[in-house]
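Reader: I'm new to reading protein structures. Could you walk me through this one, bit by bit?

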Amino acid sequence: YERLRAYVLAIDTEISFLGKIERNTDTITIRDVVLLKQQSTYGSTILDQEALGQFYNDLMDKGEDPSPWKAWIHSHARMSTFFSGKDEETIESFDLEYPTDNWFLSVVVNHARDLRARVDVFSPFRHTMDKLNWDIMFTDPILSEQVKQEISQKVTIIEYGYRGQHDWRKELERLKKRSLRGQILLPNGVD
């Protein structure tokens, strides 16, 4: 994610990437991105078709399955996140005309960290699922370890018990179940 953000912020025009996805039951995760040769303006980005074909050929030459590379990510730089007419044309170009597993994820981002995602199913029928729910799950083991070390050096955790309990969430749930309306209930000893 950080590499993608660096690319997006390094240029004031649009820019595109291919993304490698992993699909679970109801989740699509972008695992990697690749920047290919392209032409970019303030209002469009066009992937070089020869570079795209070479990318897929190189994957197959290395024995790698190209089918997980099913995401097109592009930036609108300082504009809002929407799919323009040119974007619609690009999305249609990813229709492989296969009868099965013929779909593509498209994502548009911008400098302001806005994001809009959609999935286009091309076969067995044409359908677009737009404005998908999304989340960024970025893990950097080195950064995570640095943060944990800094926390251990600078943060002292103080635990308060409520009625002999150390889990305030359970105590709060117990109090909610009393369903007294119009009152704020605090455990004894808490002001």
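Predicted model: local features only at pLDDT ≥ 70, side-chain atom pairs only at ≥ 80, totals over all residues.

Reader: Let's start with helix H3. Which of its residues are buried, and where on the helix do they fall?

Author: The buried residues of H3, which spans residues 85–93, are Asp87, Thr90 and Ile91. Looking down the axis of H3, those residues fall within an arc of 100°, so they line one face of the helix. In general, residues three or four places apart on an α-helix point the same way, because there are 3.6 residues a turn.

Reader: Which strands do the buried residues of H3 pack against?

Author: Contact here means heavy atoms within 4.5 Å. By that test, the buried residues of H3 pack against S4 (45–47), S5 (71–75), S6 (102–109) and S7 (115–123).

Reader: Now the open sheet of six strands: which strands stand at its edges?

Author: Read the strand order across the sheet: S2-S1-S5-S6-S7-S8, with mixed pairing. A strand at the edge has a single partner, so one side of it is left without a neighbour in the sheet. From one strand to the next, the twist averages 25°. The edge strands are S2 (28–34) and S8 (127–129).

Reader: What is the angle between the directions of helix H1 and strand S1?

Author: H1, residues 2–9, packs on the sheet and touches S1 (15–23), S2, S5 and S6. Its direction and that of S1 make an angle of about 165°.

Reader: In which sense do S7 and S8 pair, and which residue in S8 is the bridge partner of Asp120?

Author: S7 and S8 are joined by three bridges, and the sense is antiparallel. As for Asp120, its bridge partner in S8 is Thr128.

Reader: How many of the residues of S6 are buried, and which residue in S6 is the bridge partner of Trp72?

Author: Eight of the eight residues of S6 are buried, so the strand is largely enclosed by the rest of the structure. Asn102, Phe104, Ser106 and Val108 point one way, while Trp103, Leu105, Val107 and Val109 point the other way. S6 runs parallel to S5, and five bridges join them. In S6, the partner of Trp72 is Ser106.

Reader: Which ring does the charged end of Arg118 sit over?

Author: Look for a ring whose centre is 4.9 Å from that charged end. The ring belongs to Phe83.

Reader: Last one: is Thr45 buried or exposed?

Author: Thr45 belongs to strand S4. Among the residues it touches are Glu14, Gln38, Trp72, His74 and Thr90. Buried means under 20% relative accessible area, and Thr45 has 2% relative accessibility, so Thr45 counts as buried.

How values were computed
Residues numbered from 1 in each chain as written. Heavy atoms only, no water. Buried < 20%, exposed > 50% of the residue type's maximum accessible area, 1.4 Å probe, protein only. Helix = DSSP H or I, 4+ residues; strand = E, 2+ residues; numbered from the N terminus. Arc of directions from axis to C-beta. Pairing = 2+ DSSP bridges. Axes fitted to C-alpha atoms, helices over the stretch in contact; angles between N-to-C directions. Lys NZ or Arg CZ within 6 Å of the ring centre and 35° of its normal.
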